[in-house]
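Thanks for coming, everyone. I have one model to walk through today. Please bring up the sequence and the structure.

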Amino acid sequence: MHVQEWLETVPAVSIYALVGLVIGLESLGIPLPGEIILVSSALLASQHGDINPVILGACATAGAIIGDSIGYAIGRKGGRPLLAWLGAKFPRHFGEGHIATAERSFEKWGMWAVFFGRFIALLRIFAGPLAGVLRMPYWKFLIANVLGGILWAGGTTAVIYYVGVVAESWLKRFSWLGLVLALLIGLVSMLVIKRKAKKMTAEREADKTTATPDPAPVPVTD
């Protein structure tokens with residue numbers, strides 16, 4: 001069943017809770033389709049007066065901020081062993097290359113890696129836990145987390161809702177286009193991150209090979 005068709009059968013309160021929960025779990029570090037759920041719900045709100053877009057956006061924003069904060073706390077407590085465990089259990093999402101790419105982003109951008117990471121599908125699951133592992137000061141993390149959560153979750157809800165209202169005559173077709181666009185954005189983000197992760201893994205392997213000295217030759221005696 002189409003995601004939006006399924007959402008139409010769910011009461012408004014349940015949709016608010018679903019959006020907040022899925023986005024919260026995704027922000028916490030669990031790979032879930034938060035962006036697709038948010039886009040679908042905002043489109044649904046533009047067609048049905050029972051769903052309040054302000055409440056929807058507030059729930060999405062709260063889920064994003066709270067989920068990232070919990071992820072930060074888990075990462076701060078678990079440290080590097082947590083990343084190693086996640087890498088062993090979920091290599092497709094928490095492989096060494098993915099983590100190395102995320103760490104490079106944090107080294108380059110600092111607290112704003114949390115902010116910008118909100119807009120990149122795979123980085124959303126890293127931002128909170130990795131900020132905790134790297135011991136980023138909580139006040140810096142909180143500022144970037146709150147700003148990113150409001151702009152991404154609240155902004156996405158507002159834009160999709162108002163575009164849906166304006167394009168009411170095209171709504172059914174647009175709902176498909178909106179979901180396809182969300183999927184394409186997520187896919188492109190995933191491919192970019194995977195490519196960078198693969199490159200980082202190759203560079204690390206090359207560094208290890210270069211750093212390992214050749215064994216000293218064993219003298220041959222007659």
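Start with Leu147. The cut-offs matter here, because buried means under 20% and exposed means over 50%. Leu147 lies in helix α9.

A caution before I go on. This is a predicted model. The average pLDDT of the chain is 75, and 64% of the residues score at least 70. Helix α2, residues 12-28, has the highest mean pLDDT, 90. Helix α10, residues 171-211, has the lowest, 58.

Back to Leu147. It belongs to a nonpolar patch on the surface. Which elements give two or more residues to the patch? They are α7, residues 112-117, and α9, residues 138-166. The most comes from α9, with 3 residues. Keep a general point about helices in mind. An α-helix has 3.6 residues a turn, so residues three or four places apart point the same way.

Now the whole chain. The chain has 10 helices and 0 strands. Along the sequence, the pattern reads α-α-α-α-α-α-α-α-α-α. Of the 222 residues, 45% are buried. Take the contacts with a separation of 6 or more: 81% of them are between residues 24 or more positions apart. The accessible surface is about 12400 Å², and carbon and sulfur atoms account for 69% of that.

Next, α8. How many of the residues of α8 are buried? The count is 10 of the 10, so α8 is largely enclosed by the rest of the structure. The buried residues of α8 include Arg124, Phe126, Pro129 and Leu130.

Look at what comes just after α8. There, Arg135 takes a positive phi of about 60 degrees. Arg135 is not a glycine. As background, most residues other than glycine have a negative phi. Arg135 sits in the loop between α8, residues 124-133, and α9. Arg135 is exposed, because its relative accessible area is 51% and the cut-off is over 50%.

Now step back to the loop between α7 and α8. Arg118 is found in that loop. Is Arg118 buried or exposed? Arg118 is buried, with a relative accessible area of 3%. What does the side chain of Arg118 meet? A polar contact of 2.8 Å joins it to the side chain of Ser27. Setting aside neighbours within four places in sequence, Arg118 is also in contact with Ala64, Asp68, Arg124, Asn145, Gly148, Gly149 and Trp152. Note Arg124 in that list. Arg124 is also one of the buried residues of α8.

One last stop, Pro33. Pro33 lies in the loop between α2 and α3, residues 34-47. With a relative accessibility of 43%, Pro33 counts as partly exposed. The C-alpha atoms of Pro33 and Val22 are separated by 7.5 Å. Along the chain, Pro33 and Val22 are 11 residues apart.

Arg118 is buried at 3%, whereas Arg135 is exposed at 51%. Over to you.

How values were computed
Residues are numbered from 1 along each chain as its sequence is written. This is a predicted model: local features need pLDDT of at least 70, side-chain atom pairs count only at pLDDT 80 or more; totals for chains, interfaces and linings use all residues. Side-chain values use heavy atoms; hydrogens and water are left out. Patches are made of residues with over 30% relative accessible area and no salt bridge: like charges are joined within 9 Å, nonpolar side chains (Val, Leu, Ile, Met, Phe, Trp, Tyr) within 5 Å. Accessible areas come from the Shrake-Rupley method with a 1.4 Å probe; for residues, only the protein chains shown count as cover. A salt bridge is a side-chain nitrogen of Lys or Arg within 4 Å of a carboxyl oxygen of Asp or Glu. Helices (H or I, at least four residues) and strands (E, at least two) are DSSP runs, numbered from the N terminus. Buried means under 20% relative accessible area, exposed over 50%, partly exposed in between (1.4 Å probe, protein chains only). pLDDT is the predictor's confidence in each residue, from 0 to 100. Contact means heavy atoms within 4.5 Å. A polar contact is a pair of N or O atoms within 3.5 Å; within protein, one must be able to donate a hydrogen and the other to accept it, and residues adjacent in sequence count only if both atoms are side-chain atoms.
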